[in-house]
Amino acid sequence: MEAGTPRPGWPVRGSESGRPVMAALDLLGRRWTMRILWELSQAPAGFRELQRRCERMSSSVLSTRIEELSAARLLALDDDGYRLTRLGRDLVEALSPLNAWSRRWAEEMGPAAPEELE
């Protein structure tokens, strides 16, 4: 069910109540969303540049994600291309502790065995 942009207060995947955290997790859990946010947190980018940075994801998926993230007020288009809004920058900042935790987790887990990568 990826139709429409998740919104607080509306039913979303995993929550009929539409609690804000569930709406955010639905949006952030969509394919390529986190990568787009990460790339734009580094620098604004036009459509083609963003597509290149995201390992040439399909233009239709990128268009859909841009539409959703724009509707969620996390990114906007200006003269420099797509950029994170204040709300988008706040989100990236809020994810910083998760990034730090994931690095500690990776260190504790150690390198993956070849059979784990298959």
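A residue counts as buried when its relative accessible area is under 20%. By that cut-off, buried residues make up 29% of the 118 residues in this protein chain. The model is predicted, and its mean pLDDT is 89. The chain comes to six helices and two strands, and a search of the whole structure finds nine salt bridges.

**Overall build**

- Read along the sequence, the elements follow the pattern α-α-α-α-β-β-α-α.
- The C-alpha trace spans about 40 × 35 × 25 Å along its principal axes.
- Among contacts with a separation of 6 or more, 39% are between residues 24 or more positions apart.

**Confidence**

- In this chain, 93% of the residues reach a pLDDT of 70 or more.
- Confidence is lowest in helix α1, residues 20-28, where the mean is 87.
- Strand β2, residues 81-84, has the highest confidence, at 98.

**Surface and charge**

- The accessible surface of the chain comes to about 8100 Å².
- Carbon and sulfur atoms account for 55% of that surface.
- The chain carries 17 positive and 18 negative side chains.
- The centres of the positive and negative sets lie 5 Å apart.

**Salt bridge between arginine 35 and glutamate 55**

- The side chains of arginine 35 and glutamate 55 meet in a salt bridge, with 3.0 Å from N to O.
- This pair links distant parts of the chain, as the two residues are 20 residues apart.
- Arginine 35 belongs to helix α2 (residues 33-42), while glutamate 55 sits in the loop between α3 (47-53) and α4 (59-71).
- Arginine 35 has a relative accessible area of 25%, so it is partly exposed.
- Glutamate 55 counts as exposed because its relative accessibility is 57%, and the cut-off for exposed is over 50%.

**Salt bridge between glutamate 49 and arginine 53**

- Glutamate 49 and arginine 53 also form a salt bridge through their side chains, at 3.2 Å from N to O.
- Both residues lie in helix α3.
- They are four residues apart, which is about one turn of the helix.
- Glutamate 49 is partly exposed, at 30% relative accessibility.
- Arginine 53 is buried because its relative accessible area is 15%, and buried means under 20%.

**Salt bridge between aspartate 78 and arginine 83**

- Aspartate 78 forms a salt bridge with arginine 83, and their closest N and O atoms are 2.8 Å apart.
- Aspartate 78 has a relative accessibility of 30%, so it counts as partly exposed.
- Arginine 83 is also partly exposed, with a relative accessible area of 30%.

- Threonine 33 lies in helix α2.
- Threonine 33 counts as buried because its relative accessibility is 0%.
- With neighbours within four places in sequence left aside, threonine 33 is in contact with Leu27, Leu28, Arg65 and Leu69.

Conventions: Residues numbered from 1 in each chain as written. Predicted model: local features only at pLDDT ≥ 70, side-chain atom pairs only at ≥ 80, totals over all residues. Heavy atoms only, no water. Salt bridge = Lys/Arg side-chain N within 4 Å of Asp/Glu carboxyl O. Buried < 20%, exposed > 50% of the residue type's maximum accessible area, 1.4 Å probe, protein only. Contact = heavy atoms within 4.5 Å. Areas by Shrake-Rupley, 256 points an atom, 1.4 Å probe, with all protein chains shown as cover. Lys, Arg positive; Asp, Glu negative; His and termini not counted. Charge placed at Lys NZ, Arg CZ, Asp CG, Glu CD. pLDDT = per-residue confidence, 0-100.
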